[in-house]
Amino acid sequence: MSPTQRILLTGRNGQLGTECGLVIPADCEVIAVDFPEFDLADADVLARTVREVQPDMLLHAAAWTAVDKAEEWEAEAHVINATATDILASCMAEIGGRMAYLSTDYVFSGEGSVPWREHDPVAPLNAYGRTKLAGEQAVAAHLGDRGHVVRTSWLYGRCGANFVRTMLHLMSSGRALKVVEDQVGSPTWAGGLAKALFALARASEAPPILHFTDEGIVSWFDFAIAIRACGLANGLALEESSVTACPGSEYPTPAARPSWSPLYFSDAWHDLGIAPSNWEQALQTALPLLLKEDAKAT
Ligand SMILES: NC(=O)c1ccc[n+]([C@@H]2O[C@H](COP(=O)([O-])OP(=O)(O)OC[C@H]3O[C@@H](n4cnc5c(N)ncnc54)[C@H](OP(=O)(O)O)[C@@H]3O)[C@@H](O)[C@H]2O)c1
């Protein structure tokens, strides 16, 4: 079968990029790029890459994701998350292609009580959220209905630094952990999102904004408890560790975090054949894969 979709994937080695690389459908050809040969800060490289690859779809997963560091380095984060996205979106418009831009629950204020819908008002609390929002606006401005903003939250993959890996690491040292209870959201296994992105790439049409998370609304504390239970079920020696709840005020960070960030799983995914996964089942699938990666690294 000859490939029907030529896809340019940025952030090849990131959490999401790695998972995308593992679920490429047979009718898609993926050209995957990452830093340093593909530097989002280098406008010439961005334009040249799009011109040379001529993708039908750009899956733009690369980003400045260091949320706290963005507070001090907002101008630099803006270049990576907003300026580069603007250039990429303009290049994709020029060649008549489509683009899916990964964005975040952090574009919302956190003052809510029902899951955020696609067109709810945005009001980021931190610099990272502002730079990602500027990227969203660039995609909409250049691409109209050929641009798709895919917002997700609390993402974890088998590779890279994430909450699941950090918790397992701290728990295996037998520490007594305090984990924030008054910030609530939905974890997202990057493997599920990767499949959804390919469904989007192959769709003839889709809305300009889509929300994707695993199903369920939990606090970081709830998530940590589930990670501990899942680690124990997978034979990890976590018995000595303990997890207690604390308010966010006991764990101050440079960047403010939204207290309410669940995203409504967009109806459009069902039309694309994608259903949400239960967050605990997704964790049970993912955790052995994380452990396998850790075993390879030692
Ligand atoms: N992680 C989350 O909880 C979360 C939540 C909501 C939305 N998102 C969004 O989802 C997307 C994927 O997130 P992720 O967790 O997979 O991110 P990640 O693991 O941090 O990966 C980001 C990728 O971007 C690359 N990158 C960073 N700076 C670059 C530059 N100057 N030029 C080229 N590439 C660069 C990184 O390369 P290096 O490793 O070489 O730096 C890495 O491969 C991002 O757009 C993020 O904003 C993430």
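Mentor: Residues are numbered from 1 along each chain as its sequence is written. In this predicted model, local features need pLDDT of at least 70 and side-chain atom pairs count only at pLDDT 80 or more, while totals for chains, interfaces and linings use all residues.

Trainee: What makes a set of residues a nonpolar core?

Mentor: The members are buried Ala, Val, Leu, Ile, Met, Phe, Trp, Tyr and Cys residues joined through C-beta atoms within 7 Å. Buried means that 20 or more other C-beta atoms, placed from the backbone, lie within 10 Å of the residue's own. The largest such core has 80 residues, and Leu59, Leu88, Met99, Ala100 and Leu197 are those with the most contacts inside it. Helix α4 (residues 74-95), a DSSP run of H or I with at least four residues, gives the largest share, nine residues.

Trainee: Which residues is Leu59 in contact with, leaving aside neighbours within four places in sequence?

Mentor: Contact needs C-beta atoms, placed from the backbone, within 7 Å. Ile7, Leu9, Cys20, Ala100, Leu197 and Ala201 are in contact with Leu59.

Trainee: Why is the crossing of α6 and α8 called right-handed?

Mentor: A crossing is right-handed if the near helix is turned clockwise from the far one by less than a right angle, so α6 passing α8 gets that name. The axes, lines fitted to C-alpha atoms over the stretch in contact, with angles from 0 to 180 degrees between N-to-C directions, come within 10 Å and cross at roughly 65 degrees. Among the residues making this contact are Phe163 of α6 and Phe223 of α8.

Definitions and conventions:
Buried ≥ 20, exposed ≤ 12 C-beta atoms within 10 Å, placed from the backbone. Helix = DSSP H or I, 4+ residues; strand = E, 2+ residues; numbered from the N terminus. Contact = placed C-beta atoms within 7 Å.
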